[in-house]
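Visitor: Hi! Could you walk me through this protein model, a bit at a time?

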Amino acid sequence: MTKNPLLERFDTPPFGTIKEEHYKNAIEKAIAIAKEEINDIVVNTDDPTFENTIVALDDTGEKLDRITSIFFNLNSAETNEEIQKIAKDISPWLSEFKNDMILNADLFKRVKAVYNQKDSLTLTPEQEMLLEKQYKGFSRNGANLDDDKKSELRKLDAELSKLSLQFGENVLADTNAFELLLTNEDDLKGLPDGAKEAAKLLAQQKDKNGWLITLDYPSYIPFMTYAENRELRKKLSIAMGKKGFQKNDHNNEEIVLQIVKLRYQRANLLGYNSHAHFVLEERMAETPEKVLSFLNDLLEKAKPAAESEFENLENYAKNLDNIDRLEKWDGSYYSEKLKKELFDLDQEALKPYFKLENVIDGVFEIANKLFDLNFEEIDSIDKYHEDVKTYNVTDANGNFVSHFYADFHPRPGKRNGAWMTSYKSQQIKNDVNDRPQVSIVCNFTKPTATKPSLLTFNEVTTLFHEFGHALHGMLANTTYKSLSGTSVSWDFVELPSQVLENWCYEKEALELFAKHYETGETIPMEFIQKIKESATFHEGMQTLRQLSFGLLDMSWHSGNPKNITSVKDFEKEAFSNTKLYPDVAENCMSTAFSHIFQGGYSAGYYSYKWAEVLDADAFEYFQEEGIFNKKIASKFKDHVLSKGGTEKPMELYKRFRGQEPKPEALLKRAGLLTA
């Protein structure tokens, strides 16, 4: 093999020279290097100290982290069959390496020795957190088990690693396999011109005549929202809902059952009642009981509003089109019509004001006003795809803050949705503040021959959401990489992302970037007013939907799954108290619920709502003082964005806000607070 760029010294990822055959070789060697680094700690004959054990351990595996971050980011954003095959090969290696470290008795002995001295050590809060995190990383993951149980844990982790990968591959395969090719233009009636043009372009790119609709969100959402042909909406909705639930090679039913049973076994092996008990011990919520109480309390407040909204929508559809029973494929279509009628607000009329490039400039300007950040587009670093935009981020004094990558459009090798990720974490090492490399990935409509990429208002809030995560990564300023940026409690990580969405509804912010792509006209004041007025439209139904996902997640993970034989039946039971629409026999959500079966949200989906309480309370503070108030923004930066996981989240939040968050702010914002 020629020189492997992944094993050379590099700062930003050398995408241009990486070939697929480089990954396995590089990861194998990086694992060997990390093992040597760990061995150096173990064989050190000096007494264990914070520096020679805890800091040394935090420093291990840097090369491995860099290489695997590149690989797994591409496996999500630019994958192919070869990359997926490599992922299956290397995942057991990485699982085994992690277990080798956590189950290394001599290494744990040194960590434990330092931990036992903690009361006599003079440590900063950040050092205390690092020591606590490392000790618990061992003790919570099997370091105290006997050899037989350690061996069992290894097997469970290796199997879970493989199953999670397979789950994601199956969802992507079913997503890519479905195409709705329409050759009669009447079938597109109601669809906006931009969506029709995008569908035509998609067909042309695949050498087909007509209009192509897929399960990628920029194609799927407009069709479900505007297409008048109810049968075609039904066909598309059912196709979306049966991903991983078809009688084909991509069926995820058995995988779901295996994952939840293995997670339960693993938790039991480690001394926990369930996977949720294990996960939540280290979260702000602490216990499944607290999470369920939180979700059910919100459910009690949201359900009457949701049921009333649903009944109103069903009556509206009946009066308008004589629809006897509102189905899932009717929801978006009639909601959009009703919203337009109630608020005289047409999402399509808004889109010309949200040209992607203008929204990007807007979120950059807001970051500048709040946090003194400057963004300069550059072409001096490698990209993994021509769609990716790259930026240098600097502060008010011109100091380098971060590299920033942004990838906005769907492709066959890219999974649906939107996410933030990182290629390098920030840390302070040898007195050098090593700055991070942060990326956001979205799936927005591509430009066409006649129109630029124009975003729906929902897509605008998505961009702001992911950029909020990116700010958490970019503004990190901690000593240790394992506590940096978004390395925080999972139910705290959504605060920076969700709080930034609030600026999308504010006149002062919208006027910075919401300008008509043809005329340059700033978005009219009446549109801004309508956006604000309609913000709580169907909030009861939306809240119920989110709560249903959180409750489904907790159902899978807070009890013993041994008697579950049917994924569909179990899911129906879990949804029984949050159900509005009739069940669709061909559909199952769990088999494509990537957040909890592929991502890191198992026993953690509740955190979106949990963080909404924080973000509503936090933004109320901004509103009291001014949404661009530098003093409040500095407090948010100093106590939340820059601190990562260096202290307990509630302590950081209280330092910013001066008090614990009040749920009333969320209920008030959602229009669910009764007088």
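Guide: Happy to; we will go through charged pairs, rings, a helix and some backbone angles.

Visitor: Great. What should I know about the model before we start?

Guide: This is a predicted model, where local features need pLDDT of at least 70, side-chain atom pairs count only at pLDDT 80 or more, and totals for chains, interfaces and linings use all residues. Residues are numbered from 1 along each chain as its sequence is written, and side-chain values use heavy atoms, with hydrogens and water left out.

Visitor: Okay, charges. How many salt bridges does the structure hold?

Guide: The structure holds 43 salt bridges. A salt bridge here is a side-chain nitrogen of Lys or Arg within 4 Å of a carboxyl oxygen of Asp or Glu. In general, side chains of opposite charge can pair when their charged atoms come close.

Visitor: Which side chain does D100 meet in a salt bridge?

Guide: D100 meets R154, at 2.6 Å from N to O. D100 lies in helix α4 (residues 81-102) and R154 in helix α7 (residues 147-177), so the pair ties together parts that are 54 residues apart in sequence. By helix we mean a DSSP run of H or I with at least four residues, while a strand is a run of E with at least two; both are numbered from the N terminus.

Visitor: Which residues are linked in a network of salt bridges?

Guide: E78, D387, D407, R411, K414 and K446 are.

Visitor: New topic: rings. How many aromatic pairs are there?

Guide: The count comes to 48 aromatic pairs. Rings of Phe, Tyr and Trp (its six-membered ring) pair if their centres lie within 6.5 Å; planes under 30 degrees apart are stacked, over 60 edge-to-face, and the rest tilted. Y115 and Y135 have ring centres 3.8 Å apart and planes at 5 degrees, so that pair is stacked. Y115 sits in helix α5 (residues 105-116) and Y135 in helix α6 (residues 125-139), 20 residues apart. Both Y115 and Y135 are buried.

Visitor: And how are the rings of W503 and F622 placed?

Guide: Their centres are 5.0 Å apart and their planes are at 75 degrees, so the pair is edge-to-face. W503 lies in the loop between α18 (494-501) and α19, and F622 in helix α24 (residues 607-625), so the pair ties together parts that are 119 residues apart in sequence. W503 is buried at 1% relative accessible area, and so is F622, at 1%. Ring pairs also link W503, F619, Y621, F622, F636, Y653 and F656 into a cluster.

Visitor: Which ring does the charged end of R233 sit over?

Guide: The ring of Y333, 4.0 Å from its centre. The rule is that NZ of Lys or CZ of Arg is within 6 Å of the ring centre and within 35 degrees of the ring normal. R415 lies over the face of W419, at 4.0 Å from the ring centre.

Visitor: Let's do helix α16. Which residues in α16 are buried?

Guide: Among them are L356, V359, I360, V363 and F364. After α16 comes D372, with a positive phi near 60 degrees.

Visitor: Where else is phi positive?

Guide: D431 has phi near 65 degrees without being a glycine. D431 is in the loop between β7 (427-429) and β8 (432-434), and is exposed at 81%. A603, also not a glycine, has a positive phi of about 55 degrees. A603 is in the loop between α23 (594-597) and α24, but is buried at 0%.

Note on methods:
Buried < 20%, exposed > 50% of the residue type's maximum accessible area, 1.4 Å probe, protein only.
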